[in-house]
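Reader: I'd like a close look at one part of this model, please, with the terms spelled out as you go.

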Amino acid sequence: MFAKLARDRFAWLVLPAGILILAVFAYPVFWLLVRSFSDPSWGLQNYETVFAKVIYLKVLWNTVAIAGATTIGALLLGFPMAYSMVHAPPLMRKLLVFVVLIPFWTSILVRTFAWMVLLQPNGLLNDMLIGIGFIETPAKFMFNRTGVLIGMIQIMLPFMVFPLFSVMTRIDHAYVQAAANLGATPVKGFLRVYLPLCLPGIVTGSMLVFIISLGYFITPALLGGRKDVMIAQLIQQQISDFGNWGLSSALAVVLLIGTGLIFAVVHKVFKVGPDARF
Amino acid sequence: MAEPILTLEAVRKVFGKFVAVDDVTLSIGRGEFLTFLGPSGSGKTTTLMMVAGFQSVSGGAMTLDGKPLDPLPAYKRDIGMVFQHYALFPHMTVAGNVAFPLEMRKLDKAQIAKKVRDVLALVGLPDHGERYPKQLSGGQQQRVALARAMVFEPRLLLMDEPLGALDKKLREHMQIEIMRLHRDMGITVLYVTHDQEEALVMSDRIAVFNEGRIEQIGAPSDLYDNPATRFVADFIGESNFIEGRVTGHNNGFAELEGAQTLRGRAEGNLSIGSAAVMAVRPERLHVNRANDGADANRVEGTVTDIVYLGQSRKFIVRVNDQTEMTALVQANVVGLESVTVGSSVSLSWRAEDSKVLGNT
């Protein structure tokens, strides 16, 4: 690969970005790796702590569970959304794309605080539900898993919608017609033809949402309770409260390797990328 | 014609204010090969889509096997279709694609396997079942599409410009192959194309579409020798047109007066004094030396081009300021060696070889 790059006379164009990545990503990550084995003394003690103490395992599990639930939620909401966008008339399509994009341009902190306003015990949502007589006392939408998921699914939605949208736009309507012509009911045609053709978009969107969610920090910190602490919060706490660089580094390395493994497995199973079947 | 299997009665399709299909009435006999021929936007594909059930009809009625077709959704119509770009499911193997309609009809596994094997052998791809569509050539994909559309023995097979994506040689080869399958299997075929040559080669009958209407429907030789309108004479094959005014009409012949008086066959609906046009095929014209030629119709002109085509030559002759005529002369015709560009010649033809049509 390097030999090929060297032969390419445009190869030097990757230099600025390459240097930036080396300086602000590869170098710190390398030091994190070293520190996880060397702080406070050389050895595996930091990893032993991560995998031996129930609290750390619990946080690791929380992280995977919240990221997984966010991914499923974003897929369930994003799929119909992307489908409507693809099949809407041009003007409506532009409007819908805009609606999905707006939250992108707003800070996550602002959006999370906005959710707090909406979800608090005497907030908009509770007032409305009590008003229509659906519930009598305010429901607890905050400082628990529900709050974290509501916030995170909303923030993650664009990452799911756009990969789906781009794959769905490229699906020729003739495939759906062909399925019907060959005798498939709308449900069968969807399950056997449309859904499998959307698979590359589902995989890409789910991977994006899951991996970004794994490292999430602000939303679980503000909308979650004590049982919803995620790994990024733990890393922040270990450094700023206890100055425990060694343990934090070990946690970060576990997160990085875990993410890499998931990526590799999905890549292998779904054959996305250059050797895709279709 | 055999008993009709599909009938269309005054079928219409309107998109907003645009009338895509207007008052289309026709019927197809069992085992017939009927082609919808017309330029793009003439309504032929829209009509096909209504038969398939992908477009609703705005008016009129359709029946299949004597039963109304309109209330049936596409998936209950039992009509096979070969799509323009084949629409083979890319995530299924060739065998998976062909098995799909059988699985939808809940046949048992052994039966499906046998039918898939048989139909793939029939289209000449017995060993390609495990490949994916992407791994096949255009011609092979075309065969798989055909196999998939036939395997469930549909009552009617629709084909929407199925050969448009293939190169000329392969297209001609597939034309013959589709005709063979049609003959051997006895399937009724409704074929859509904008290629008049393809339509002439393959069809039992052709319906010529123009601006949402059927201009004429008939056997290929019928349309070629006896076009009903100027559009048909122009769209199918090549025609020379000479404009004029009708001055006489009797015994199936009309007289047309323009630069000179000409005589040609005509239908009864031409009224004397109306504007008309004479259509005559290039191969019906005789090229003679100036002021010579024994046929009923004769015009004088100057050769502007001679195009050599191997088995024939084309003489382009300017007969007056507005009109250029093309004569096609077979290579074995002798006596024209002295005719070159700039020569004065006369073109002549028999009254029976030309047709006078209303000029619309």
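Reader: How many salt bridges does the rule find across the interface of chain B and chain A?

Author: Happy to take you through it. This is a predicted model, in which local features need pLDDT of at least 70 and side-chain atom pairs count only at pLDDT 80 or more, while totals for chains, interfaces and linings use all residues. Residues are numbered from 1 along each chain as written, chains are lettered from A and ligands numbered from 1 in the order written, and side-chain values use heavy atoms, with hydrogens and water left out.

The rule finds one salt bridge between chain B and chain A, where the term stands for a Lys or Arg side-chain nitrogen within 4 Å of an Asp or Glu carboxyl oxygen. B:Glu103 and A:Arg192 are the partners, at 2.9 Å from N to O. Five residue pairs, both members at pLDDT 80 or more, are in polar contact between chain B and chain A (N or O atoms within 3.5 Å, one able to donate a hydrogen and the other to accept it; residues adjacent in sequence count only if both atoms are side-chain atoms).

On the side of chain B that touches chain A, β6 and α2 (94-104) of chain B each give two or more residues (DSSP runs numbered from the N terminus: helices are H or I, at least four residues, and strands E, at least two). α2(B) gives the most, with four residues. That side has 17 nonpolar, two polar and five charged residues; here Ala, Val, Leu, Ile, Met, Phe, Trp, Tyr, Cys and Pro count as nonpolar, Asp, Glu, Lys and Arg as charged, and the others, Gly among them, as polar.

Overall, 24 residues of chain B and 20 residues of chain A take part in the contact, meaning heavy atoms within 4.5 Å. The two chains bury about 2100 Å² between them, 65% of it on carbon and sulfur atoms (accessible area, 1.4 Å probe, lost on putting the parts together and summed over both). B:Tyr75, B:His91 and B:Met104 supply 29% of the area that chain B buries against chain A, more than any other three residues.

Six strands of chain B form an open, mixed sheet in the order β6-β7-β8-β3-β9-β10, where pairing needs at least two DSSP bridges. Its edge strands are β6 (79-82) and β10 (213-218) of chain B, each pairing on one side only. Further in, β7 (residues 156-160) and β8 (residues 189-193) of chain B run parallel over four bridges, with B:Leu157 opposite B:Val189.
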